[in-house]
Amino acid sequence: MVSAIKESAGKKALIELYQSVRRRTMEIVAPLEIEDYVIQTAEFMSPPRWHIGHTSWFFETVLQAHQPGYQVYSDDFLFYFNSYYEGFGARIERPKRGTKSRPTVKATVAYRNHIDEQMLRFLEVTEDPKIHSLVRLGLEHEMQHQELLVYDIKHLLCDQFDVVTKAKPSAFGRIDGMSQIEGGLMVLGAQASSPARVQQNPMLVKGAGEDACGPRTEFAFDNEKPEHEIFIQDFAIDKAPVTNGDYFEFIRDGGYKNFHWWFSEGWESINREHWQAPLYWEFHDGEWMIRDFSGLQPVSERKDEPVCHVSFFEASAFAKWAGKRLPTEAEWEKAACYDARGSKRSFPWGDDAPKLTHANLFENGLWTVAPVGAYPDGVNDYGCHQMIGDVWEWTTSDYVPYPGFKSEFDEYNDKWFVNQKVLRGGSFATPQLHIRSTYRNFFHTHERWMTSGFRCAK
Ligand SMILES: [Fe+2]
């Protein structure tokens with residue numbers, strides 16, 4: 001009886017989560033004009049219309065596999081909205097997503113509404129914990145695409161996008177220097193949670209069931225698991241992300257003109273692409289300016305904010321110039337999760353779920369980075385600021401499976417375990433519910449249209 005009540009409460013929470021996540025996607029695109037939805041401004045971005053259809057396509061694959069008698073909405077939609085899944089059939093090539101005006105935005109929204117209707121009906125009757133886990137994965141997938149929508153809308157429109165942004169908080173003080181952190185054995189990664197646990201309470205508060213190893217999470221991707229022990233050396237890590245002001249000194253010192261600081265591939269990249277600064281930096285009348293959703297501002301007015309839109313190559317070159325290096329993902333996680341007594345926690349500030357005062361995440365509504373030192377409530381025991389939120393931080397670690405990795409969903413994470421680097425911590429575009437300290441984001445070394453920054457280690 002008790003377990004039946006728990007299951008029905010868990011299902012209700014999952015349904016509510018489904019509705020709120022699906023609503024948020026449409027809220028993000030709401031300020032767009034109809035013409036904006038179908039344009040692709042670069043091969044690496046996708047038109048907004050594609051994102052709202054693709055996230056629905058993901059749920060249609062759940063319906064196809066698990067709802068008896070489900071009729072496919074449209075074979076054309078399956079072709080256009082599949083991203084990269086070989087297992088789900090033929091698909092349009094990514095660079096061509098913006099070459100088609102059909103399906104129209106109206107037809108895509110109708111598809112989305114149809115899938116929602118079907119999914120909500122399906123969720124009312126299904127009790128299978130495996131399906132509930134799959135739906136939760138679909139919602140995490142949708143939150144990833146919400147963040148991608150922010151990157152892509154920025155590339156598409158930048159300050160022409162008519163979004164309401166909240167005022168930036170001020171810094172509570174100047175933050176510089178590095179924290180010394182003791183090495184030794186540490187637990188890396190997230191603890192596995194069983195499908196049954198997800199079913200009972202998908203909104204379970206982080207850290208509610210701690211044990212000797214570390215905090216439990218309500219959800220973690222397969223690539224964060226299993227948690228395992230590793231040994232790390234003593235190290236030092238920057239108390240704050242590298243700022244625009246710091247990075248400007250590197251540019252002023254001829255950083256982009258001196259091969260000495262660059263990996264061979266990085267040197268080739270910056271010369272081929274003619275990069276002289278991060279993406280969205282523009283040189284006007286002898287001055288470097290940064291353009292974002294709020295317009296164009298001189299770097300000098302944003303010097304205390306984390307540098308954003310740098311590639312792994314640029315982050316690594318800066319670190320070498322500064323006499324430092326990038327941290328490994330284990331060092332980053334040690335700094336982000338461990339308290340001074342050596343206990344592992346969910347977040348730098350402890351086990352509470354992220355709040356507006358802890359970190360600059362999507363819910364803060366800034367649509368940009370906040371000055372270093374603006375979130376004193378989010379500081380860890382070592383005095384490190386803004387490890388969560390603002391910018392995803394490049395690490396020097398290759399994106400490879402953890403020892404004992406088991407794929408939980410074919411082609412989701414497992415086929416990307418080659419030639420990419422891990423980034424940690426989330427950004428101003430990451431939803432609060434979506435971020436974890438164990439989260440492993442990954443991008444190629446040359447990519448920089450996402451909100452990527454870094455801090456250095458030694
Ligand atoms: Fe996707």
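**Entry 1**

I began with Asn419, which is exposed, with a relative accessible area of 66%. I am working from a predicted model, so to speak of what I "see" is to speak of that model. Asn419 lies in the loop between E8 and E9. I looked up its backbone too: phi of Asn419 is near 60°, a positive value in a residue other than glycine.

Next I turned to Cys158. Is Cys158 buried or exposed? Cys158 is buried, and I noted a relative accessible area of 6%; the cut-off for buried is under 20%. Cys158 is not a glycine either, yet has a positive phi of about 50°. I found Cys158 in the loop between H5 and strand E1 (residues 178-181).

**Entry 2: the sheet around E8**

I read the strand order as E10-E9-E8-E11, four strands in an open sheet with mixed pairing. E10 and E11 stand at the edges with a single partner strand each, so one side of each has no neighbour in the sheet. A reminder to myself: strands of a sheet pair through backbone hydrogen bonds, either parallel or antiparallel.

I then went through the pairs one by one.

- E8 (residues 392-398) and E9 (residues 421-424) are antiparallel, with three bridges; here Trp394 stands opposite Leu423.
- E9 and E10 are also joined by three bridges and run antiparallel; I found Asn441 in E10 as the bridge partner of Leu423.
- E8 and E11 (residues 452-453) run parallel, with two bridges; Glu393 has Gly453 in E11 as its bridge partner.

How many of the seven residues of E8 are buried? I noted five, so I call E8 mostly covered, by the cut-off of under 20% relative accessible area.

**Entry 3: the largest pocket**

I moved on to the largest pocket, which holds about 1100 Å³ of space. Its lining is made of 40 residues. Which residues lie nearest its centre? I wrote down Arg94, Leu148, Phe443, Glu447 and Trp449.

I sorted the lining by class and got 17 nonpolar, 15 polar and eight charged residues. Helix H2 (48-66), helix H5 (129-156), helix H8 (264-273) and strand E10 (441-443) each supply at least two residues of this lining. H5 gives the most, with eight residues.

**Entry 4: H2 against H5**

The axes of H2 and H5 come within 9 Å and cross at roughly 170°. That makes H2 roughly antiparallel to H5, because angles over 145 degrees count that way. In the contact of H2 with H5 I listed 14 nonpolar, seven polar and two charged residues.

**Entry 5: cis peptide bonds**

Last, I checked the prolines. The peptide bond from Arg102 to Pro103 is cis, and its omega is near 0°. Pro103 sits in the loop between helix H3 (75-81) and helix H4 (105-125).

Where is Pro226 found? I placed Pro226 in the loop between helix H6 (195-200) and strand E3 (228-232). The bond from Lys225 to Pro226 is cis as well, with omega near -5°.

Technical notes. Residues numbered from 1 in each chain as written. Predicted model: local features only at pLDDT ≥ 70, side-chain atom pairs only at ≥ 80, totals over all residues. Heavy atoms only, no water. Buried < 20%, exposed > 50% of the residue type's maximum accessible area, 1.4 Å probe, protein only. Pairing = 2+ DSSP bridges. 1 Å grid on protein atoms, 1.4 Å probe; cavity = no way out; pocket = protein on both sides within 12 Å on 5 of 7 lines; lining within 4 Å. Points joined across faces, edges and corners; volume = space filled by probe spheres on them. Nonpolar A, V, L, I, M, F, W, Y, C, P; charged D, E, K, R; others polar. Axes fitted to C-alpha atoms, helices over the stretch in contact; angles between N-to-C directions. Parallel < 35°, antiparallel > 145°, perpendicular 65-115°, else oblique.
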